[in-house]
Each structure stands twice: as structure tokens, then as C-alpha cells.
Amino acid sequence: MTRERWTEVDDYLTDLLLPEDAALDQALAESHAAGLPAIAVSAPQGRLLHLLARMRGARRILEVGTLGGYSTIWLARALPPDGTLVTLEADAHHAQVARDNLARAGLSGVAEVVLGPAADTMASLPREAPFDLIFIDADKSGYPDYLRAAVELSRTGTVIVADNVVRNGAVSDTDNDDPAVQGVRRYLEMVAADPRLEATAIQTVGAKGYDGFALALVTT
Ligand code: SAH
Ligand code: DHB
Ligand code: MG
């Protein structure tokens, strides 16, 4: 099985299950044109985030790692009319591209892009907390810090989703000293050790290769 095959299936599933969406397509095109890396979630993954937020009935969403705002659009569209989303981005160029993409998608009034390293900006968020769903997708070495802060910004019933927790299988290689892999391993260990969290992680293949999501529910 190859990545081409996984991509073909992602294309098939996208064509079959996901409506045509000019705003999302344009967000990706503008992100590409602006030189951003092509590391946004895939369309089926974006819709998974969207559906999780709807299933949770999320009214406040926090995203850590905005890039061009592609996953932000999927998540923000899951909100009810009075819902809000805060997304955190350290790179000023990425943040500006995301703000433009959110404006084009008609979501400027719903989604706020906060510029700065997430470890700093998360500390200023208790004003907007608790969040109902938190999506962690910034630098992987920061995941342990982001989990600690995310739990602080949660309530009973908050869903915490983390992207890229399998990284081509590297996660289970105890000898791997890549800080990204170490960050994800530490994240999962912290999730496992936190009595407030009930969690799982699921391996995925698709247009983005072999990776995975971790899902945690804040139970108390
Ligand atoms: N969620 C996006 C993809 C995010 S890519 C999507 O699926 O569409 C990861 C993003 O995290 C990049 O834009 C990167 O600039 C940002 N980032 C990296 N380190 C960060 C930090 N310390 N704080 C906040 N954002 C950071
Ligand atoms: C990378 C980051 C991501 O969030 C992702 O989904 C894929 C790749 C990266 O930094 O390479
Ligand atoms: Mg990611």
C-alpha cells in the first residue's frame, strides 16, 4: 500500500461525502500562493474535526496552531450563531494569511487569530475559557505544555484532540530522539497519567501519509 493509493481513496471519499466548498478551496490556494507549507489537515480530517465539534455541541473552540486557517474554517463552521473560536499562531505571516482566509469565508466575527507563541498566549486565555473543544496542532515539541494549559482551560466534557501523534510510526520508537517525537510521546504519557482524562489514539493513512489523532475527554 502506497501513499498514492491512500491519496486516491481520500480523493474518492472527499468527492463522495464532502460538498464542493469554494471557501475551503480558496483558503488552501491562498495559503499555497503565500508560501505556507502544505501541512493543513486533509479535507476528510477537517470534516472529522467539524463533526466532533458539532457532536460535542461546542460553543467555544480553541485551536493551537493556525497556519492559513484551513482547519480553523472547518471548526468555526461547527459553531452555533453565538459561538466563538480562538486560534493561536506564532508566525505573523501565517496569522495574516489566516485572517484574510477567515474574512473571505465570512468568519472574521467568529474566529479570532491571536499572534504569539502558544505557551504565552494560552496563559492569557482563562478570560475566554472554558472551551468545549481544543485542537492541538502547533509545534510538536510544545505538546506537553499545550496539554497542561488545555486541561486548565477545560471543563467536564471538554474534548481535546491532538494531530500528528503517530508520525509515520515513529511514536512507538523509544530510541527516537527527534524533539517532535519526544514531545508527542510525552503528551501521550501525560494524557495517560491524568486521572481527569479518558483517551485513545487512532492511526490514520491518507493524503497526508501515515499519522494519527489522539482524542481525550475531560471527565471531571
Ligand atoms: N491547524 C492547521 C495546521 C497547523 S500547522 C491546519 O490544519 O490547517 C502548525 C502551525 O503551528 C504553523 O502555522 C506554525 O507556525 C505554528 N506554530 C509553530 N510553533 C508555534 C508556537 N510555539 N505557538 C503557536 N503556533 C506555533
Ligand atoms: C507538520 C505539522 C503538522 O501539523 C502536520 O499535520 C504535518 C506536518 C510538520 O511540521 O511537518
Ligand atoms: Mg497537524
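Let's start our walk at R77, which has a relative accessibility of 31% and therefore counts as partly exposed, since that class lies between under 20% for buried and over 50% for exposed. Keep in mind along the way that this is a predicted model. You can find R77 in the loop that runs between α4 (70-76) and β2. Setting aside residues up to four places away in sequence, R77 touches D21, A23, L24, H50 and L107. With one of these, D21, the side chain of R77 makes a polar contact of 2.5 Å.

Now let's turn to the interior. In soluble globular proteins, nonpolar side chains tend to be buried together. Here, the largest nonpolar core has 33 residues, and those with the most contacts inside it are L62, V64, L88, M122, I136, I160 and Y187. Several elements each give two or more residues to this core: the strands β1 (60-64), β2 (84-89), β4 (133-136), β5 (159-162) and β7 (209-218), together with the helices α7 (143-152) and α8 (179-193). Which of them gives the most? That is α7, with six residues.

Let's stay with α7 for a moment. This helix is mostly covered, with seven of its 10 residues buried. Those buried residues are Y143, P144, Y146, L147, A149, A150 and V151. Among the elements that cover them are β1, β4, β5 and β6 (197-206), as well as α6 (118-121) and α8.

How many cavities of 30 Å³ or more does the structure hold? There is one. The largest cavity contains about 50 Å³ of space, and its lining is made up of Q45, D163, N164, T204, K208, G209, D211 and G212. β7 supplies the largest share of that lining, three residues. Is the lining nonpolar, polar or charged? It has no nonpolar residues, and divides into five polar and three charged ones.

Notes: Residues numbered from 1 in each chain as written. Chains lettered and ligands numbered in written order. Predicted model: local features only at pLDDT ≥ 70, side-chain atom pairs only at ≥ 80, totals over all residues. Heavy atoms only, no water. Core = buried A, V, L, I, M, F, W, Y, C linked by side-chain atoms within 4.5 Å. Buried < 20%, exposed > 50% of the residue type's maximum accessible area, 1.4 Å probe, protein only. Helix = DSSP H or I, 4+ residues; strand = E, 2+ residues; numbered from the N terminus. 1 Å grid on protein atoms, 1.4 Å probe; cavity = no way out; pocket = protein on both sides within 12 Å on 5 of 7 lines; lining within 4 Å. Points joined across faces, edges and corners; volume = space filled by probe spheres on them. Nonpolar A, V, L, I, M, F, W, Y, C, P; charged D, E, K, R; others polar. Contact = heavy atoms within 4.5 Å. Polar contact = N/O pair within 3.5 Å; in protein donor to acceptor, adjacent residues only side chain to side chain.
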